[in-house]
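Subject: Structure for your files

Hello,

Please find the structure below, followed by notes on what was found in it.

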Amino acid sequence: MRQMAYRPQFFMMIVGKIVRIGLLFFFFQAVFLKVDRIGHWTYYEVLLLFATFHIVDYLMSVTFHRNLAFHLPQLIQTGELDTRMIMPLNLLFLLSFEMIDFIDLLSFLPSLGFLAYVLCRLQFAFSWIHALAYVLLLVNALLFLFGIVLIIATISFWTTQSFGLARIFDNLLKIGRYPLDIFEGVLRTVFVYFLPLVLIAQIPSQVLLATLSLKSMLYAFSITGVFLFVAISFWKMGLKNYLSAST
Amino acid sequence: MNAILTTDLFKTYWFYEKEAGLSGSLKALFRGKKVFVEAIRGISLDIEVGEVVGFIGPNGAGKTTTLKILSGILYPTRGHVEVLGFSPFKRDKAFLKNITFLTGQRNRLFWDLPAEEYFEFCRVVYEIPKDVYQKNLMDLVELAAIGDILKVPQRKLSFGQRKRCELVAALLHDPKIIFLDEPTNAMDLVNARKLRGFIKEQGRGGKRTIILTSHNMSDIEDVCERIVIINRGKIVFDGGVDALHRIAGFWKRIRVAFDGPWNIDDVQKLGRIKEMNDQQLILEVEPDKTASVASHLFDAFPVKDISITGPGLEKIIESIYLQDSD
């Protein structure tokens with residue numbers, strides 16, 4: 001409840017969120033005054049992708065992202081990780097969700113409102129199966145991002161700091177809010193296979209629009225499984241290399 | 001029964017060496033020299049359930065590193081380690097619920113909240129049954145004398161008060177092994193004595209195994225039955241306080257005050273005379289002969305008062321550090 005204790009800060013945060021969504025909304029409006037589609041995506045489909053990205057990004061940033069990408073390196077640097085390591089709790093779970101401010105959930109409302117607006121304006125055949133798949137793919141996107149953030153955070157066991165890498169990742173991640181059809185050649189291959197940002201918003205949006213094949217959906221789950229496996233193995237290796245800090 | 005068993009334990013650290021200044025920083029950025037340091041080198045320990053062991057050594061000797069390996073914080077580079085039958089680095093829940101690690105230099109409490117809130121957090125984390133929790137809390141709060149500060153935010157407490165709160169938090173789950181890393185560090189005399197009394201009380205009954213590191217010899221003398229001295233990553237002494245006095249081989253000092261005439265030739269045969277005047281004499285004697293010399297002095301001389309002093313634990317340990325550094 002830390003943020004609620006500072007009311008001006010809390011309200012400014014919500015206003016900031018609305019302004020951010022609003023600005024990108026106007027940006028897309030401006031783009032679509034000139035073109036009918038981006039790749040295969042219509043105006044409202046792009047907005048759906050954008051709203052989906054915001055939901056995933058928001059859920060990540062208020063849960064594990066701030067904890068792993070920024071708090072964990074500090075704990076490693078100061079040796080404060082010691083106090084967490086002796087607790088009979090799942091260490092990774094504790095470190096991923098140690099700082100959660102439930103008041104953040106209120107600032108989730110603008111993102112949800114935006115999604116509701118887009119869904120109302122979109123002309124598509126709603127189906128419960130597609131809605132369920134959409135939710136599952138959102139969870140899948142979060143698990144995929146968890147894997148990446150964990151890999152970046154784990155690097156701190158060797159480098160003590162990984163802020164730079166976390167910042168690079170944050171900037172790369174923003175690409176996921178655009179239809180990745182805009183990329184071609186090597187970049188497209190990278191964002192589909194090597195750093196599959198398509199998993200974050202594009203694939204969940206496509207399933208809701210009923211334009212995603214079952215094969216692509218299975219691919220999404222499999223690639224997340226691979227990323228998670230690599231991330232957790234790397235995390236275990238990192239723990240073995242933890243050197244603590246002198247007292 | 002073994003509480004702790006280690007065989008030939010090693011831990012090697014590494015870091016990048018950096019020279020001072022901007023040029024040093026730039027050099028380290030591209031051509032940093034990786035330096036390896038063996039923090040502990042072949043530590044073998046066998047500690048029984050219920051023992052209270054003082055783990056001492058100069059700065060950088062490897063005490064805290066050993067404790068961190070024993071508590072599962074650090075992974076040993078090589079060697080065997082077993083605590084309560086567990087491999088600590090696997091960090092099994094059952095293992096972690098049976099140990100506690102308290103350091104005098106790190107704060108584990110919630111800074112803005114009262115200790116009471118942290119104790120409740122411990123109850124949940126350690127899954128302590130409510131009735132057991134209430135009883136342990138009452139006993140420990142009384143023993144640590146923190147009943148009047150339970151509702152005060154931690155940031156408002158003195159250092160000594162905070163440390164006593166931390167000790168209560170560390171013991172609420174009734175751990176079988178207690179690791180204490182310089183618990184009285186930076187504490188004033190009164191608080192340090194209170195904390196020692198508290199630790200001593202925990203060690204009674206032979207149920208808990210306590211490993212304590214400290215630079216404060218009063219902590220060791222008051223609390224520990226066994227002393228392990230570590231220097232440059234190796235154990236250089238392991239035994240009781242008496243054994244330490246014996247192996248150090250320091251001569252005892254006998255100070256004698258006379259109330260009548262005495263003959264120097266008769267005294268010289270008993271030991272080394274350090275100081276003397278008409279009324280008193282300071283004589284150094286071998287530790288084994290102290291009692292017989294004192295008895296002889298009483299029988300054969302007009303003794304008014306007599307006192308015997310040893311070199312003190314601090315001096316003995318200092319001499320061991322120095323011998324080992326040669």
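**Chain A as a whole**

Chain A has an accessible surface of about 12200 Å², and 70% of that area belongs to carbon and sulfur atoms; accessible areas come from the Shrake-Rupley method with a 1.4 Å probe, and for residues only the protein chains shown count as cover. This is a predicted model, in which local features need pLDDT of at least 70 and side-chain atom pairs count only at pLDDT 80 or more, while totals for chains, interfaces and linings use all residues. Residues are numbered from 1 along each chain as its sequence is written, chains are lettered from A and ligands numbered from 1 in the order in which they are written, and side-chain values use heavy atoms, with hydrogens and water left out.

Chain A holds 11 helices and 0 strands, where helices (H or I, at least four residues) and strands (E, at least two) are DSSP runs numbered from the N terminus. Its elements therefore read α-α-α-α-α-α-α-α-α-α-α from the N terminus on. Along the principal axes, the C-alpha atoms fill a box of roughly 65 × 45 × 35 Å.

Of the 247 residues in chain A, 51% count as buried. Buried means under 20% relative accessible area, exposed over 50%, and partly exposed in between (1.4 Å probe, protein chains only). Taking contacts in chain A between residues at least 6 apart in sequence, 79% join residues at least 24 apart; contact means heavy atoms within 4.5 Å.

Phe32(A) sits in helix α1 (residues 7-34) and is buried, at 13% relative accessible area. Residues up to four places away in sequence aside, Phe32(A) touches Arg37(A), Ile38(A), Trp41(A), Thr42(A), Tyr43(A) and Val46(A). Val56(A) is 24 residues along the chain from Phe32(A), and their C-alpha atoms are separated by 24 Å.

Helix α2 contains Asp57(A). Beyond its neighbours within four places in sequence, Asp57(A) is in contact with Arg20(A) and Leu173(A).

Why does Pro73(A) count as buried? Pro73(A) counts as buried because its relative accessible area is 0%. Leu208(A) is 135 residues away from Pro73(A) in sequence and 37 Å away in space, C-alpha to C-alpha.

**Chain B**

Chain B has 12 helices and 13 strands. Its radius of gyration is 25 Å, whereas a compact globule of 326 residues would have one near 20 Å. The C-alpha trace of chain B spans about 75 × 55 × 45 Å along its principal axes. Buried residues account for 47% of the 326. Of the contacts in chain B with a separation of 6 or more, 71% are between residues 24 or more positions apart. The accessible surface of chain B is about 16400 Å², with 50% belonging to carbon and sulfur atoms.

Asp8(B), in strand β1 (residues 2-17), has a positive phi near 50 degrees and is a residue other than glycine. Asp8(B) is partly exposed, at 42% relative accessibility. Asp174(B), in the loop between α6 (159-171) and β6 (177-181), has a positive phi of about 55 degrees, and is not a glycine either. Its relative accessible area is 37%, so Asp174(B) counts as partly exposed.

**Cavities**

Rolling a probe the size of a water molecule over the atoms shows where empty space is left. The structure holds 3 cavities of 30 Å³ or more. On a 1 Å grid over the protein atoms alone, a cavity is a set of points where a 1.4 Å probe fits but cannot get out, and lining residues have an atom within 4 Å of a point. Grid points are joined across faces, edges and corners, and a volume is the space filled by probe spheres set on the points.

The second largest cavity has about 50 Å³ of space. Its lining consists of Thr83(A), Ile86(A) and Met87(A) together with Arg108(B), Tyr118(B), Phe121(B), Cys122(B) and Tyr126(B). Helix α4 (residues 115-125) of chain B gives the largest share of this lining, 3 residues. The lining divides into 6 nonpolar, 1 polar and 1 charged, with Ala, Val, Leu, Ile, Met, Phe, Trp, Tyr, Cys and Pro counted as nonpolar, Asp, Glu, Lys and Arg as charged, and the others, Gly among them, as polar.

Regards

Notes
1 Å grid on protein atoms, 1.4 Å probe; cavity = no way out; pocket = protein on both sides within 12 Å on 5 of 7 lines; lining within 4 Å. Rg over C-alpha atoms; globule rule 2.2 N^0.38 Å.
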